[in-house]
Amino acid sequence: MRARTLGWAARAGAGYLFPWTVTISGPSDTPNLVSHIGEHLNETLYVAIALGPPRANRKPVLQLMTSSGTQVSFVKVGINPLTVSRVRAEASALEHLATLALPGLTVPTILDIPPWRDTAFLATRPLDTWTSGSMDDRTRGRALRTLATAAEVVTAELRTSQWWRGLATRLEVLADTQEARSLRAAQGAIESTIGHLRVPQGHTHGDWSPWNIAVQGTQVSAWDWERFVPQGPIGYDAIHYAVQEEVRLRAKPPRQALESVLERSALIVGENGADPELGTAICALYLLTQGEQHLTDRQLDAGSERGPISEWLVPALESATARLRRAPR
């Protein structure tokens, strides 16, 4: 409602009443990325720029439109090594997804725009980002299952899987801090208790959240694929969605949100087509991965509002590993 109201006010010429503005200036006759894209689309383009909350992977997202307001493209621009790697990772993911049949799931289409200078950017055609009606859980669940099974599902022992070995390698190279040691201790506990479990792995979005998807009837549109992995634990996306729903939509403190999701993990992973008996295990794997990403990306240094992971993520991870130890084997 806020976005629609502000959009209406801007179209009515009342933008000057907004309490804050961002001004971008520069010589109008200097070639730039927007004019480069417009030249290859044979359109005169206008740009709106979205800047999200402070975080390590924050990057400019350009919304390109014609003079009539018709959306033409969304463009992500890499501005440092981390965001450049994310832009390139998303481009690779979308190229792969374009080769698959995804009934009930719509993903962005890449625009074929030639390189511009040394700037890393990804231009895609716009998706319908407004949910029509309610965010139907069954429709979202079907889309998740479509994604997870879009290619061959690999079921293997967790400790021998490529996904687990990759996570272990990233944990190993973290700086030697107390938080990193806590994550590595949890990694050892997880491997010793459930390393033998055969965990189904399939396509995983990596950031499946209420603001990265929209539902139109029986179709789900999903964007922001920069954390996509071809083989991740099935159920990971459903856990992530539930956590974001608790934190952002229900305004729960992060630690309380994680504990709530852990309690409901069996039901949550079932939405993603996973075995409910793997709920606690998948939740533990999710928490370990989130901790690694937080430290690798230096999210706290970038101004993360959640604070040190020792205050919210590590306690929930320790609770999950304790549950795994108590569970029958």
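Colleague: Is Arg159 buried, partly exposed or exposed?

Modeller: This is a predicted model, where local features need pLDDT of at least 70, side-chain atom pairs count only at pLDDT 80 or more, and totals for chains, interfaces and linings use all residues. Residues are numbered from 1 along each chain as its sequence is written, and side-chain values use heavy atoms, with hydrogens and water left out. Buried means under 20% relative accessible area and exposed over 50%, with partly exposed in between (1.4 Å probe, protein chains only). Arg159 has a relative accessible area of 38%, so it's partly exposed.

Colleague: And which residue does Arg159 form a salt bridge with?

Modeller: A salt bridge here is a side-chain nitrogen of Lys or Arg within 4 Å of a carboxyl oxygen of Asp or Glu. For Arg159 the closest N and O atoms of the pair are 3.2 Å apart.

Colleague: What stands opposite Glu157 in E7?

Modeller: Strands (E, at least two residues) and helices (H or I, at least four) are DSSP runs numbered from the N terminus, and two strands pair if DSSP finds at least two bridges between them. E6 and strand E7 (residues 198-204) run antiparallel, joined by four bridges. Opposite Glu157 stands Arg198.

Colleague: Which strands stand at the edges of that sheet, and why is one side of each left without a neighbour?

Modeller: The sheet is open, with three strands in the order E6-E7-E10 and antiparallel pairing. Each edge strand has a single partner strand, so one of its sides has no neighbour in the sheet. The edge strands are E6 (154-157) and E10 (229-233).

Colleague: Over to H7: how many of its 14 residues are buried?

Modeller: The buried residues include Tyr236, His240 and Glu246. H7 is largely enclosed by the rest of the structure, because the buried count is 12 of the 14.

Colleague: How far apart are the closest N and O atoms of Arg250 and Glu246?

Modeller: Arg250 is partly exposed, with a relative accessible area of 47%, whereas Glu246 counts as buried at 2%. The two form a salt bridge, and the closest N and O atoms are 2.3 Å apart.

Colleague: Where do Asp137 and Arg140 sit, and how far apart is that in helical turns?

Modeller: Their side chains meet in a salt bridge of 3.1 Å, N to O. Asp137 is partly exposed at 46%, while Arg140 counts as buried at 3%. Both are in helix H4 (residues 137-148), and being three residues apart, they are separated by about one helical turn.

Colleague: Last one: which side chain does Ser221 join in a polar contact of 3.1 Å?

Modeller: Ser221 lies in strand E9 (residues 219-222) and counts as buried at 4% relative accessibility. A polar contact is a pair of N or O atoms within 3.5 Å; within protein, one must be able to donate a hydrogen and the other to accept it, and residues adjacent in sequence count only if both atoms are side-chain atoms. The side chain that pairs with Ser221 belongs to Gln216.
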